Every structure is written in C-alpha cells, then in structure tokens.
Amino acid sequence: MTGTASYTLFYHPGFASLAVHLALAELDIPYTLTPVNIPEGEGRERAYLAVNPHGQVPALIETVGGQKGPPLTQCVAILESLAERHPGRGLLPEDPEKRAEARIWMSYLSTTLQETFRRFFHPEDFVDVAAHEADVRRTGERRLGEIFDWVEASLKDRGPYLIGAEPCAADYLFFVLCRWGRYLSPAPSDRPTIAALIAALAERPGVQKALRTEGIV
Ligand SMILES: N[C@@H](CCC(=O)N[C@@H](CS)C(=O)NCC(=O)O)C(=O)O
C-alpha cells in the first residue's frame with residue numbers, strides 16, 4: 001500500500017491500549033480513537049469481536065490511500081509494527097544491540113509484569129472457589145512488588161529510560177504498567193529510579209497529549 005497512513009486505535013482509558021496511544025502521539029502521526037467500553041462488556045459484542053477476537057484493547061487498524069488494513073492486536077505486536085512502518089523515529093532504537101534490549105524489555109513486561117497484574121485485578125480468572133481469590137490477589141501483589149524491585153535495581157545508574165537516554169516503545173508499555181501499580185503499596189513510583197523514568201516520560205508532549213485525550217492526567 002502507498003500513500004499517507006492513518007490509524008484507528010480501539011482503546012479504553014488507561015488500559016493496555018494506552019501504550020499504543022502513547023506511541024502514536026509520540027510519533028506525531030495521524031490517528032483517530034474509537035472507544036470500546038470494556039467494563040460495560042462492549043469488547044464481547046459481535047462487532048468488536050470481529051476486530052479483536054479476544055475482545056480486548058488495544059486493536060489498531062491502518063488505513064493507507066483509503067484502504068483499510070487488517071486489525072492488529074497485542075500491544076507488543078502493534079508497537080513492533082509501528083516501529084517497522086515508521087523507521088528512524090525512535091520507537092525502537094537503530095542500534096541492533098539496543099534494539100534487542102528494547103525487545104527483551106517488551107517481551108518481559110508483556111509476558112511477566114502485565115500478566116501478573118491479571119492476578120491482582122482479576123483473581124477470579126485463576127480459581128474456581130471464590131474463597132481462594134484473596135490468596136491469588138495477595139500472591140500476585142507480592143510478585144508485582146518483586147518485579148518492580150527487580151526493575152528498580154536493573155535501572156540503577158542508567159536511564160532515565162529502560163535502555164538509556166531516549167525513550168522507546170518498551171517505556172510506553174512500562175509507563176502504563178506503572179500507572180496500574182498505583183494501587184500497590186509501595187507503588188512503583190515510590191522507587192526513585194522508576195519515579196525518574198515516569199517523570200521524564202510525563203514531561204513529553206506526546207505523552208501529555210495522550211493522557212489528556214484519555215482524560216487520565
Ligand atoms: N495480551 C494483550 C492483553 C490486552 C489486555 O489485557 N487488555 C485488557 C485491558 S488492559 C482487556 O481488554 N481486557 C478485556 C477482556 O479481557 O475481556 C495485549 O498485550 O494486547
């Protein structure tokens with residue numbers, strides 16, 4: 001496909017879709033937003049299941065020259081695709097070693113940190129007996145604390161971003177997960193190195209624009 005690309009992002013404020021929204025806003029490319037009211041069950045409606053068969057946000061549709069592409073789903077896959085479609089814009093670093101490092105972060109964050117949050121927010125998905133939910137939530141919370149401690153230790157004397165001086169897609173994903181962590185004690189932002197990363201990202205115009213648009217500043 002040729003011509004200028006524009007994107008439609010299916011999102012719900014503050015949900016995983018925010019990572020893609022931050023990337024689009026930071027790339028400063030044309031996009032529109034389509035809200036999907038996940039808490040009210042809109043994700044399970046037939047129309048949205050045709051976009052994302054898992055009923056989750058994000059989903060992203062690219063339109064080039066008036067022609068719509070297939071829906072892209074899964075945060076990491078979408079971020080990778082955006083980096084591929086907009087090379088040299090910093091979504092993934094140019095340097096192969098740094099690029100690999102960014103991918104390691106994205107994979108770790110998505111499969112480990114993001115997944116562990118499910119135990120904290122949705123313990124009912126992991127047990128048949130309601131009385132066991134509190135246990136799942138508690139162990140999920142403890143594990144989240146360990147993961148954020150590990151990230152904090154890994155970032156010491158580096159940064160301010162995950163792979164150094166410039167932000168990349170992995171940082172956008174991490175930013176969202178830190179936001180989710182505001183319900184934890186300690187919160188991710190109670191750790192000084194992570195707090196510095198969040199503060200640095202929060203100063204960026206694209207990040208501010210996305211947060212303002214989602215009404216979650
Ligand atoms: N692995 C998916 C996870 C996305 C995800 O968990 N989305 C949540 C919101 S944060 C959702 O839409 N949940 C609705 C559901 O599972 O029914 C990704 O990375 O895109």
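Pro186 is found in the loop between helix 6 (169–180) and helix 7 (192–202). Helices here are DSSP runs of H or I with at least four residues, strands are DSSP runs of E with at least two, and both are numbered from the N terminus. Ser185 and Pro186 are joined by a cis peptide bond with an omega of about 0°. The structure is a predicted model, in which local features need pLDDT of at least 70, side-chain atom pairs count only at pLDDT 80 or more, and totals for chains, interfaces and linings use all residues. Residue numbers start from 1 along each chain as its sequence is written.

**Backbone features in loops**

Pro160 is placed in the loop between helix 5 (133–155) and helix 6. Another feature concerns Asp28, a residue other than glycine whose phi is positive, near 60°. Asp28 belongs to the loop between helix 1 and strand 2.

**Overall architecture**

The protein chain contains 8 helices and 5 strands. Along the sequence, these elements follow the pattern β-α-β-α-β-β-β-α-α-α-α-α-α. The C-alpha trace spans about 55 × 45 × 30 Å along its principal axes. Why does the radius of gyration of the protein chain agree with a compact globule? With 217 residues, such a globule would have a radius of gyration near 17 Å, and the protein chain has 17 Å, so the two agree. This radius is taken over C-alpha atoms, and the globule rule is 2.2 Å times the number of residues to the power 0.38.

**The strands and their pairing**

Two strands are counted as paired if DSSP finds at least two bridges between them. The table lists the pairings.

| Strands | Direction | Bridges |
|---|---|---|
| Strand 1 (residues 5–11) and strand 2 (residues 31–35) | parallel | 5 bridges |
| Strand 1 and strand 3 (residues 59–64) | antiparallel | 6 bridges |
| Strand 3 and strand 5 (residues 72–73) | antiparallel | 2 bridges |
| Strand 3 and strand 4 (residues 67–68) | antiparallel | 2 bridges |

Individual residues show how these pairings are arranged. Tyr7 has Tyr31 as its bridge partner in strand 2 and Glu62 as its bridge partner in strand 3. Leu9 is partnered by Leu33 in strand 2, while Ala5 is partnered by Val64 in strand 3. Val64 also has a bridge partner in strand 4, namely Gln67. Leu60 stands opposite Leu72 in strand 5. The hairpin of strand 3 and strand 4 has 2 residues between the strands, and Gly65 in this hairpin takes a positive phi near 55°.

Strand 1, helix 1 (residues 17–27) and strand 2 form a right-handed β-α-β unit. A crossover is called right-handed if, with the strands pointing away from the viewer, the path from the first strand over the helix to the second runs clockwise.

**Two domains**

The protein chain is divided into domain 1 (5–90) and domain 2 (96–207), with bounds that come from an automatic or database domain assignment. The centres of the two domains, taken over C-alpha atoms, are separated by 21 Å. Across the interface, 14 residues of domain 1 are in contact with 15 residues of domain 2; contact requires that the C-beta atoms, placed from the backbone, lie within 7 Å. On the side of domain 1 that touches domain 2, helix 1 and helix 3 (75–85) each supply at least two residues. Helix 1 gives the largest share of this side, 6 residues. By class, this side of domain 1 has 10 nonpolar, 2 polar and 2 charged residues. Ala, Val, Leu, Ile, Met, Phe, Trp, Tyr, Cys and Pro count as nonpolar, Asp, Glu, Lys and Arg as charged, and the others, Gly among them, as polar.

**Surroundings of the ligand**

Which residues surround the ligand? They are Phe15, Ala16, Ile38, Gly43, Gly55, Gln56, Val57, Pro58, Gln74, Cys75 and Ser110. A residue is taken as near a molecule if its C-beta atom, placed from the backbone, lies within 6 Å of it. The shell around the ligand has 6 nonpolar, 5 polar and no charged residues.

Key:
Two residues are in contact if their C-beta atoms, placed from the backbone, lie within 7 Å.
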